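Please consult the sequence and the model shown here while reading.

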Amino acid sequence: MKSILQVTSQGLFPRYLGVPSYVGKAKARTFEYVKERVWKKIQGWKEKLLSKGGKEILIKAVAQAIPVYSMACFDLTKTLCEELSNMINRYWWSQVDKENKIHWASWEKMTKTKKIGGLGFRDLHAFNLAMLARQAWRLIQNPASLCVQVLSARYYSDGSVLQARPRSGISYTWRSILKGVDLLKKGIIWRVGSGSNINIWSDPWIPRGSTRRVITQRGGNVVTKVNDLIDPTTNNWDEDLVRQTFLPEDANIILQIPIHTHEDDFIAWHYDKKDEDTCGFNWPKLWSLPLPNKVLHFLWRMSTNTLPLRMKLQQRVCKLTPVVQSVFGWMRMVAIVSLSVRG
């Protein structure tokens, strides 16, 4: 074939379009380039004296954006994501290289959105899984695409992508997408159209709880598809059959599900985006104040009790040195003088 088509042979490039051409067992070494790129950026920034507002912009726009393209194709592993987060976290709290300062707030708290008291930094591992879930969602929503046809013929020719299972011999890219599929399964739900594609007993189609499945045991029931529960003459639920087949908890919910028999069944996301508990503090109002970013960050640290005050230093450090005590005394004296002058 090579001689007939007169195709020249070419060795395998380490990376193609910025991502590895092949991922072996040594995944840490394969994705080392991501860590190196982030590290080089951070080392260059440490030479500059930046405010917290400036650091926030650099971290979000550059450091946490570098691995996005790779995350859309591969599972970078939780270990690597934690190493990247630790590098960014150390840079946030320190200023110069090899400086080890106290981290006054946990990284978990800082990755929460600003609406609920965090700083909006990305949880890189969760973001990685979300990017892979997005790829899986595209496979579901575009079944006629060439990519889906190739992958389905190779990996799940006897079913849908939601039924695909990992097995030996599959590529690391597909193994990574399957992790996105597992994440999708935790939140998707079938919306009833004709009902011919929904399995009553195994598919998530009940808008209730986290499983979104019926709690009634199948037993000897012969009905299998949702369309078996629909009266073909009225195109509504066969109430007698539903109540006869299911427990009251299931039957009452099923009878409230709208039916669109003229449409196909489709998969949707079950959960709505809701704001988490803000602990009674109006965080959006704080971040919308017409103040410089460095002042807003100071207010955030004051509101979250993460300022390096003497009491907190005594809690984190066993004993304050005489130099530190003299600095606190000097700061207290300056504050008293300032208040007396204003008075």
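## Overall architecture

The chain contains 16 helices and six strands, where helices (H or I, at least four residues) and strands (E, at least two) are DSSP runs numbered from the N terminus. The model is predicted: local features need pLDDT of at least 70, side-chain atom pairs count only at pLDDT 80 or more, and totals for chains, interfaces and linings use all residues. Residues are numbered from 1 along each chain as its sequence is written, and side-chain values use heavy atoms, with hydrogens and water left out.

Of the chain's 343 residues, 36% are buried, a term for a relative accessible area under 20%, with exposed over 50% and partly exposed in between (1.4 Å probe, protein chains only). The accessible surface of the chain is about 21,700 Å², and carbon and sulfur atoms hold 56% of this area. Among contacts (heavy atoms within 4.5 Å) with a separation of 6 or more, 60% join residues 24 or more positions apart.

## Two helix pairs

Axes here are lines fitted to C-alpha atoms, for helices over the stretch in contact, and angles run from 0 to 180 degrees between N-to-C directions.

| Helix pair | Axes come within | Crossing angle |
|---|---|---|
| H4 and H14 (residues 293–303) | 7 Å | roughly 95° |
| H6 (residues 78–93) and H8 (residues 124–141) | 8 Å | roughly 130° |

H4 and H14 are therefore roughly perpendicular to each other, whereas H6 and H8 are oblique. Angles under 35 degrees count as roughly parallel, over 145 as roughly antiparallel, 65 to 115 as roughly perpendicular and the rest as oblique.

On the H4 side, Lys52, Gly53, Glu56 and Ile57 meet Asn293, His297 and Arg301 of H14. The residues of this contact comprise one nonpolar, three polar and three charged. Ala, Val, Leu, Ile, Met, Phe, Trp, Tyr, Cys and Pro count as nonpolar, Asp, Glu, Lys and Arg as charged, and the others, Gly among them, as polar.

In the other pair, Leu124, His125 and Asn128 of H8 meet Lys78, Cys81, Leu84 and Ser85 of H6. The contact of H6 with H8 has three nonpolar, three polar and one charged residues.

## Glu56 within helix H4

Glu56 lies in helix H4 (residues 52–63) and is buried, at 6% relative accessible area. Its side chain makes a polar contact of 2.7 Å with the side chain of Lys60, and a polar contact of 2.7 Å also joins the side chains of Glu56 and Lys114. A polar contact is a pair of N or O atoms within 3.5 Å; within protein, one must be able to donate a hydrogen and the other to accept it, and residues adjacent in sequence count only if both atoms are side-chain atoms. Leaving aside residues up to four places away in sequence, Glu56 touches Trp92, Lys114, Leu119, Phe121 and His297.

Note on methods
Accessible areas come from the Shrake-Rupley method with a 1.4 Å probe; for residues, only the protein chains shown count as cover.
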